[in-house]
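Which classes of residue make up the shell around the ligand?

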Amino acid sequence: MKQKVILITGAAGFIGSNLAKNILQKDSEVQVIGVDNLNDYYDVSLKEYRLKELENWDNFSFHKGNIADRSFLEQIFQKWEPEIVVNLAAQAGVRYSITNPDAYIESNILGFYNILECCRHSYDDGKPGVKHLVYASSSSIYGLNKEVPYRTEDKTDKPVSLYAATKKSNELLAHAYSKLYGIPCTGLRFFTVYGPCGRPDMAYFGFTNKMVKGEKIQLFNYGDMYRDFTYIDDIVKGVSAVMEKAPDANEDGVRVKVYNIGNHQPVSLKFFVETLENCLRKAGVIDSEAEKEFLPMQPGDVYQTYADVSELEKDFGFKPDTPLEVGLTAFAEWYAGYYRRK
Ligand SMILES: NC(=O)c1ccc[n+]([C@@H]2O[C@H](COP(=O)([O-])OP(=O)(O)OC[C@H]3O[C@@H](n4cnc5c(N)ncnc54)[C@H](O)[C@@H]3O)[C@@H](O)[C@H]2O)c1
């Protein structure tokens, strides 16, 4: 019998590498194929470091390439015939989309379209093809929504950044492809993911780098912003549970579903920074309090994110629950070890 093949795009990324590691640790029977273009949106050595760990497993193979390159992706699909595809490759970040819009159209629109086309053609000549496409959406698609917690059935047609608009487009494209070609698709709306070896472009990592150098940190909207910070292990648990169960047909006969994966306990940016500082002090990363600059809201930012995770809980009996202090302690300890070695 053919080994189960799982394709993970964005495998050198924060979420992709953690997901791949979790699958490889749990199941030696599965073949994990990682794809990533290792772009330099942030420090590439972090991506290489994550990949190095994955290369310990014989049933992991890595292919460097761009999902916007159709022929590259076609070759991957033809060679490996994945049963499950998890698309995490994307140009992330809200603020960067103001200055670098092209990157979002290339990776998030063209790249995702290529994923859908490859899934569609995986059924050619009567092949079993892709049984489930899981892809990353984002909490940012709730845009100007005022009512919290954000529920998956809420309208999401008021994005405030190009990044959010591309993620919403992914959900629409997935719906169309699922209806037309029967590809079972699940979109996951992640809420501000943090943890060890995370993304240096995100606030907690950037703040830490600044604190270490004794530089001022900037708190937008004067620190009065709320985020549903979600620990990486909870995200990985959620994605691995969802991957194993493709959605049944909905009332329209379409096999699509979206879930929120968030901590459903938003905290203020101010509280977050205080907790981060405490954890960094305990881990010996800093020894004094950071100087803070309080600034107005930035374009593209939303005031708060807050996930209603009842759908995830109903279908998978799981909801994220790692306390902020536990997650930030793990981050601080990782940071201390990683940068001490360098
Ligand atoms: N981390 C979060 O808080 C968060 C929140 C919401 C949604 N998401 C989404 O989750 C997914 C994973 O996020 P992450 O935090 O791991 O980000 P990440 O940037 O660490 O990982 C994405 C990876 O995809 C790769 N990539 C980008 N464009 C590519 C392309 N065209 N072809 C091949 N590889 C490409 C990058 O090199 C990177 O390694 C993304 O789709 C992101 O938009 C993340």
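By class, 15 nonpolar, 10 polar and four charged residues form the shell around the ligand. In this predicted model, the residues that come nearest to the ligand, out of 29 around it, are Asp 36, Tyr 42, Asn 66, Tyr 163 and Val 193.

- The side chain of Asp 36 has an N or O atom 2.6 Å from an oxygen atom of the ligand.
- Tyr 163 places a polar side-chain atom 2.6 Å from an oxygen atom of the ligand.

**Cover and contributing elements**
- On its own the ligand has 820 Å² of accessible area, and the protein covers 98% of it.
- Two or more residues of the shell come from each of α1 (14-26), β5 (132-138) and α6 (162-181).
- Strand β5 gives three residues, the largest share of the shell around the ligand.

**Packing of α5 and α6**
- Helix α5 spans residues 101-121 and packs with α6 at an angle of about 15°, the two axes being 10 Å apart.
- Because the angle is under 35 degrees, α5 counts as roughly parallel to α6.
- The two helices, α5 and α6, have a right-handed crossing.

Technical notes:
Residues are numbered from 1 along each chain as its sequence is written. This is a predicted model: local features need pLDDT of at least 70, side-chain atom pairs count only at pLDDT 80 or more; totals for chains, interfaces and linings use all residues. Side-chain values use heavy atoms; hydrogens and water are left out. A residue is near a molecule or strand if one of its heavy atoms lies within 4 Å of it. A polar contact is a pair of N or O atoms within 3.5 Å; within protein, one must be able to donate a hydrogen and the other to accept it, and residues adjacent in sequence count only if both atoms are side-chain atoms. Accessible areas come from the Shrake-Rupley method with a 1.4 Å probe; for residues, only the protein chains shown count as cover. Helices (H or I, at least four residues) and strands (E, at least two) are DSSP runs, numbered from the N terminus. Ala, Val, Leu, Ile, Met, Phe, Trp, Tyr, Cys and Pro count as nonpolar, Asp, Glu, Lys and Arg as charged, and the others, Gly among them, as polar. Axes are lines fitted to C-alpha atoms, for helices over the stretch in contact, and angles run from 0 to 180 degrees between N-to-C directions. Angles under 35 degrees count as roughly parallel, over 145 as roughly antiparallel, 65 to 115 as roughly perpendicular and the rest as oblique. A crossing is left-handed if the near helix is turned anticlockwise from the far one by less than a right angle, and right-handed if clockwise.
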